[in-house]
Amino acid sequence: MIFITVDDKNVPALGFGTWQLRGKECTAAVAKAIDIGYRHIDTAQIYENEADVGAAIAGAGIERKEIFLTTKVWMTNVKDGALQSSVDESLKKLKTDHVDLLLIHWPVKDVPFAEQMKSLAQVKAAGKARLLGVSNFTVAQMKEVVEELKAPIVNNQVEYHPYLSQQPVLDYINEHNMFLTAYSPLARGKVNDSKVLKEIGKKLGKTPGQVALRWLLEQDNVAAIPKAASEKHMRENFEIFDFSLTEDEMRRIHAEARPDGRMISPDWAPKWDKAA
Ligand SMILES: NC(=O)c1ccc[n+]([C@@H]2O[C@H](COP(=O)([O-])OP(=O)(O)OC[C@H]3O[C@@H](n4cnc5c(N)ncnc54)[C@H](OP(=O)(O)O)[C@@H]3O)[C@@H](O)[C@H]2O)c1
């Protein structure tokens, strides 16, 4: 495993995504992922699977402190008071007294960031979240919370894979002792179509997906949280620690980025940063 150190905490750089896993399927998948060796699990209030994830962690036969657990506050819960009680509800479902990382899922404009950051700080002060972060925030929004509001935000979880450059966000997190978590790191399966990834993978005896995940983890302060329902995919995505990429291979994969590479941009998304 590769670890990212932030605020004296070690974050396993490869995590397990759980969006669209629910019920028994979700509990079985997370249990299998932990069995395979994943120690970083990503969920969210809106995924409606926190109880299923919690059941898997509680039944895994390992200490709670072995798992780096992230959840995200949904957009309708960001007001003062609602945020804190929604986190209590999440912790109850997750069967734990704290999460390791608590994120604001999407930037919501009608509740001031100052109010949201204050509520997050209260949750942290109460010991219910070890680290705080955001998700889908632009550089301008990160500047507001980190520099103007001085909130202890250490993470931005954003879509990141070879087809989408995140250079502005990467530059910002690297200048501010933060880390980036890459969601949809396999471009929801589409990385398998890349000629460049196929070619590099063939040389290394790896799949295009494994090459994409390795490319993410070789970048400073980048974590990745691929989702997989099948054991085969879970194992494949975990087998990325026995090879590395050359500078030239890294550069060729960066060059796969394209203007229309973003896959997730709902109506409520902010005006995204454009890579130069
Ligand atoms: N913060 C946010 O707004 C946000 C948004 C989106 C996602 N996320 C987080 O990021 C996680 C990952 O993103 P994602 O689920 O959108 O996409 P992803 O991880 O890029 O891709 C998941 C898809 O790829 C397939 N897959 C996984 N491993 C594979 C392999 N080795 N070979 C071939 N196909 C493979 C999966 O199939 P099977 O499941 O059938 O194995 C699934 O269809 C989510 O689960 C969630 O935790 C966060």
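How many residues surround the ligand, and which are the closest?

**View 1. The shell around the ligand.** The ligand is surrounded by 27 residues, and the closest are Gly17, Trp19, Leu186, Lys227 and Ala229; a residue counts as near a molecule if its C-beta atom, placed from the backbone, lies within 6 Å of it. This is a predicted model, in which local features need pLDDT of at least 70 and side-chain atom pairs count only at pLDDT 80 or more, whereas totals for chains, interfaces and linings use all residues. Residues are numbered from 1 along each chain as its sequence is written. Helix 9 (residues 231–238) gives the most to this shell, with three residues; helices are DSSP runs of H or I with at least four residues, strands are runs of E with at least two, and both are numbered from the N terminus.

View 2. Glu218 lies in the loop between helix 8 (208–217) and strand 10 (222–224). With 17 other C-beta atoms within 10 Å, Glu218 is partly exposed, a class between buried (20 or more such atoms) and exposed (12 or fewer). Leaving aside neighbours within four places in sequence, Glu218 is in contact (C-beta atoms, placed from the backbone, within 7 Å) with Ser244, Leu245 and Met250. Although Glu218 and Ile2 are 216 residues apart along the chain, their C-alpha atoms are separated by 9.0 Å.

**View 3. Helix 2 against helix 3.** Glu50, Ala51, Val53 and Gly54 in helix 2 meet Ser90, Lys93 and Leu94 in helix 3. By class, this contact of helix 2 with helix 3 has three nonpolar, two polar and two charged residues, where Ala, Val, Leu, Ile, Met, Phe, Trp, Tyr, Cys and Pro count as nonpolar, Asp, Glu, Lys and Arg as charged, and the others, Gly among them, as polar.

How values were computed
Two residues are in contact if their C-beta atoms, placed from the backbone, lie within 7 Å.
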